[in-house]
Amino acid sequence: MSIELISKNKAFGGWLQRYRHRSKALNCEMVFAVYLPPQVEEGPVPFLYWLSGLTCTDENFCQKAGAFRTAAELGLAIVCPDTSPRGTELPGEHDSYDFGSGAGFYINATEQPWAEHYRMYDYVSSELPALVEAELPFNGKRAISGHSMGGHGALICALKNPERYCSVSAFAPISNPTECSWGQKAFRGYLGEDRTKWKQWDASLLMRQAKQSLPLLVDQGGDDEFLSEQLRPEALQHACTANEQPLTLRMHPGYDHSYYFISSFIDDHLQFHARYLTEER
């Protein structure tokens, strides 16, 4: 397996690089981006994986979050995968914004025709890290974060693999997808009607069973139009309390679901992760 560099732009002394590769997990070609801070000239650095939300590609975070100045200061690389397989042209794949193209939900589909390609959990938690960390200057420490659907993805990746990450954070995550229409639509399509199969992909349910804790930061906009119906942060908070798991949940009045919200607090998240990525474990 190899990666092909397709673009390279200097930013804050480091480099934003986009790559193309053939994914075995997704059975298609994929593109991802990596910001490498200037410290890579001196040696390996820790990696933060960022998972984006519905309709996004690898480019949304890179262009809108305003993260690279602080990442350069902290010596933190940021890996940005895409949000779904591309180029598969499955029937109905492009019919709606919340299922199919741009909406992989970071789970492993079991229903046809999706199961042949839509295995985004395997891709972001195993295949892509193995590839990137072998090819680029990685120091062995990683963290994970994301927004909305990507916040859901970050949470489940960390909850299923706590030994792999030093910390986890999320902006406006879909915290309880089995109980919201976005999650129910995706799970029914990708996993089928058996709701018992859905539980393994719901962060609030996984949190109630977690045996190992990770530092967890969640930021939520108080004026987010999806707050009550889709995101349900209270379910995650109740699960953390019930299982005595750490959670810093910050509510921000006036902020919505957009990248204006993310860019307002992204520095806090980078500094949060840098603190744990530099600790001895």
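A salt bridge here is a side-chain nitrogen of Lys or Arg within 4 Å of a carboxyl oxygen of Asp or Glu. The structure you are looking at is a predicted model, and it holds eleven salt bridges.

| Salt bridge | N to O distance |
|---|---|
| Arg 18 and Glu 59 | 3.7 Å |
| Lys 185 and Asp 98 | 2.7 Å |
| Arg 250 and Asp 219 | 2.6 Å |

Take the pair of Arg 18 and Glu 59. Arg 18 belongs to strand β2 (residues 14–23) and Glu 59 to helix α1 (residues 59–64), so their contact ties together parts that are 41 residues apart in sequence. Glu 59 is partly exposed, at 32% relative accessible area.

Next come Lys 185 and Asp 98. Because Lys 185 sits in helix α5 (residues 181–191) and Asp 98 in the loop between β5 (77–80) and α3 (120–135), this pair ties together parts that are 87 residues apart in sequence. Lys 185 is partly exposed at 33%, whereas Asp 98 is buried at 9%.

Arg 250 and Asp 219 also meet. Here strand β9 (residues 248–252) carries Arg 250 and strand β8 (residues 216–221) carries Asp 219, so the pair ties together parts that are 31 residues apart in sequence. Arg 250 counts as partly exposed, with 26% relative accessibility, while Asp 219 is buried at 0%. Elsewhere, salt bridges with shared partners join Glu 4, Arg 20 and Glu 29 into one network.

Conventions
Residues are numbered from 1 along each chain as its sequence is written. This is a predicted model: local features need pLDDT of at least 70, side-chain atom pairs count only at pLDDT 80 or more; totals for chains, interfaces and linings use all residues. Side-chain values use heavy atoms; hydrogens and water are left out. Helices (H or I, at least four residues) and strands (E, at least two) are DSSP runs, numbered from the N terminus. Buried means under 20% relative accessible area, exposed over 50%, partly exposed in between (1.4 Å probe, protein chains only).
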